[in-house]
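Biologist: I would like to learn how to read this kind of structure. Can we go through it feature by feature?

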Amino acid sequence: MSEQKCDCGNRSQQFKELAPVLKEYAKVPGSLITILQNAQEIYGYLSPDLINYISEETGIRPAKIYGVATFYAQFRMEPVGKYLIMLCKGTACHVNGSDMIEESVCEHLGIQDGETTEDGIFTLNNVACLGCCSLAPVMMVQSADGDETYGNLTKDSVKDILDEIRKNA
Amino acid sequence: MKVIIGQGSCGIASGAKKTEAEFKKQIKDKKVKAEVGITGCVGMCYLEPIVDVYEDNGECTRYVRVQPENVEAIVDSHLKDGKVVEELVVKDEDAAFLEQQQRVVLRNAGIIDPENIEEYIATGGYEAIAKVLKEMTPEDVIEEIKVSGLRGRGGAGFPTWFKWNAALQNKADIKYAVCNADEGDPGAFMDRSVLEGDPHSLIEGMIIGGYAMEAQQGVVYCRAEYPLAIKRLDKAIKDARAKGFLGKNIFGSGFNYDIMIKAGAGAFVCGEETALIASLEGERGMPRLKPPFPAAKGFWQKPTNINNVETWANVPWIITNGGEAFAAMGKGPSKGTKVFALAGKIKKGGLAEVPMGMPIKDVIFGIGGGIKNDKKVKGVQMGGPSGGCVPAELFDTPVTYEDITKTGAIVGSGGMIVMDEDTCMVDMSRFFLDFTKKESCGKCNYCRIGTKRMLEILERITKGEGKDGDIELLEELAGKIKDGAMCGLGQTAPNPVLTTLKYFRNEYEDHIYNHKCTAKSCKALIKYEITDKCKGCTLCSKKCPVGAITGEVKGQHVIDQTKCVKCGRCMENCNFGAITVE
């Protein structure tokens, strides 16, 4: 067995961007979700290392953090692609054929809900409702450049949109 | 002259940002004297991007579906020469969408700039809280709300004054007034519209409510899927604080009150108040038994009152105009107005605020313009996954808490998803159960396992593998889940199945016994075929993603049913109407 060293020091170095967030919230009761949201925004997802680090800084057990993180749809435990496709599966979108749109996206990118393309460009996430029901079916594409929403999708238009994004990626 | 561009989420999704950028560019390049501003969503989401041009005398011209390529015409003709561009102006039939409404909650939406507190003040904003702090006791405020007959707009329809009074009666060193902005019902978006379009009316309502129940802290629990709403609300809170409407000693009255935002993280069950409180405390959002009610023990075990966005936004209007004016609208014990989100197979999707008691058909056909592509209407889903389906033959039902509940549906938060002849009701039930199964927190066995079992049965039926006795099993499970679940999510989860079984039982029977989906929507039960109208243009075979269509040029094509994935692309692309679905 190789020698095990404490890597706490490394972690605070590794996650130094989170320091201001922890400074503000670590000791404020009830702030776990806020801390996780900020952490995910900075690092894209919640890795085991990151969860352990938050645990050390807040004194909340890792198992509890994991329990909270897995309860809510917003949190991810896996890295995402450069572009996160949030495909709306709300009622209005369902009635207007979002299943067909999903099929078209899956077929075009070769991934299923929750998966990332091999080239790391796209991740597909089905979401409950984006609140743009009058434009159904809708998807939002999130990236470092901001969010872009696309409405009145068709099986073919969604492919064109994705191709366009990939071209500029 | 002012150019105001509607920038709610729906406007932005339709390209309002690009339209705005184009206006700014053209106005600058052409040295036109005009200001460019923003407003929230006016509710005519189907016409976005909407641009209002205000003359200096206040006269307004409304342009609709203004894409960047239309901007030049408006700048050159209207802004420069004062000549209205008629072909882009909103049509009378579309303007009627707003004219048939009565707006209380949405009184400022699509009119004022939500990011500018001065515009809210100019409409009489923050006068209600001034009046309350100077002239009224907490009991007076609660009495006024009682007179108004305001009831919770989030779903349950519980009298607002009663909840406030309970919180007032429970004495504590600190109390909380919470706004539930976790609009989780997929298909409802009126709360988003208020948050994005008129955040100050929510803030003012919360200050008034806070005073009435002697709370010191307001909390807005807003869903994370609404980033724009959070951004605008955050700015509004800061601006209100800077003006002294929030903070210590508001209007010199000695009343201290502030509001903070907590972003939710995506869980439908957090609309239930005890789950919401758990989530506010940073825990898994799981409901607990009541009592104790939040009014006694809520956020951090302190007295807490939770109301929904729309409820809060009514409050300043009621204080300004009087409870009686509010109670004069509506029908029976359902007072005031209600905002409905029109979506699904409807021509004019958007937000409609109407006095309670208007028949469903007037909302859907009068305001909403009827069904897309003039298809036959089948029903409307009201109240989302907790509600039910009201069939077309009951469209004379007035929209009141009482009348809608009688049909088996609920008013809920006000989502109206219109369904036409192409919507399969068994599939809709499956859709909702899929949703509630995923969103069940897992605490109660009946909800956790029961929704899963119901979903399995519904999936079986939509796949054409339904068995004799499935309907009865669904009914039995539905009753048990309703009785055995602790919170509203589980208690209402079977409603979509029960209402569709009540009104559309024949569709279930068709699926199970005749292996037929009359709406032609369940893939396992339909079959695409090419008729002799086929000219052999080969388009369908090119469009088929799985190579299931073969045939000679100018000869009738054939679909290989073993390969067909029933995506329907062939039928959509056929120019000769030669492809049928059975």
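Biologist: Which residue meets B:Arg569 in a salt bridge?

Modeller: The rule asks for a side-chain nitrogen of Lys or Arg within 4 Å of a carboxyl oxygen of Asp or Glu. Here the partner of B:Arg569 is A:Asp156, at 3.7 Å, N to O. The rule finds six salt bridges across the interface of chain B and chain A. This is a predicted model, in which local features need pLDDT of at least 70 and side-chain atom pairs count only at pLDDT 80 or more, while totals for chains, interfaces and linings use all residues. Side-chain values use heavy atoms, without hydrogens or water; residues are numbered from 1 along each chain as its sequence is written, with chains lettered from A and ligands numbered from 1 in the order in which they are written.

Biologist: How much area do chain B and chain A bury between them?

Modeller: Buried area is the accessible area (1.4 Å probe) that two parts lose on being put together, summed over both. Chain B and chain A bury about 3600 Å², with 55% of it on carbon and sulfur atoms. B:Ala265, B:Arg284 and B:Arg569 supply 16% of the area that chain B buries against chain A, more than any other three residues.

Biologist: How many residues does each chain bring to the contact?

Modeller: Contact means heavy atoms within 4.5 Å. Chain B brings 57 residues and chain A brings 42 residues.

Biologist: Now a single site. Is B:Glu196 buried or exposed?

Modeller: Buried means under 20% relative accessible area, exposed over 50%, partly exposed in between (1.4 Å probe, protein chains only). B:Glu196 counts as buried because its relative accessibility is 0%. Leaving out residues up to four places away in sequence, B:Glu196 touches B:Gly8, B:Ser9, B:Gly40, B:Pro114, B:Leu228, B:Ala229 and B:Arg232.

Biologist: Which residues touch the most other members of the largest nonpolar core?

Modeller: In soluble globular proteins, nonpolar side chains tend to be buried together. A nonpolar core is a set of buried Ala, Val, Leu, Ile, Met, Phe, Trp, Tyr and Cys residues joined through side-chain atoms within 4.5 Å. The largest has 92 residues, and B:Tyr126, B:Val141, B:Trp164, B:Ile203, B:Ile207 and B:Tyr257 touch the most other members. Another core, of 43 residues, lies apart from it; A:Ile51, B:Ala265, B:Cys444 and B:Cys447 are among its residues.

Biologist: And what does B:Val141 contact?

Modeller: Beyond its neighbours within four places in sequence, B:Val141 is in contact with B:Val132, B:Met136, B:Trp164, B:Ile208, B:Tyr211, B:Ala212 and B:Ile319.
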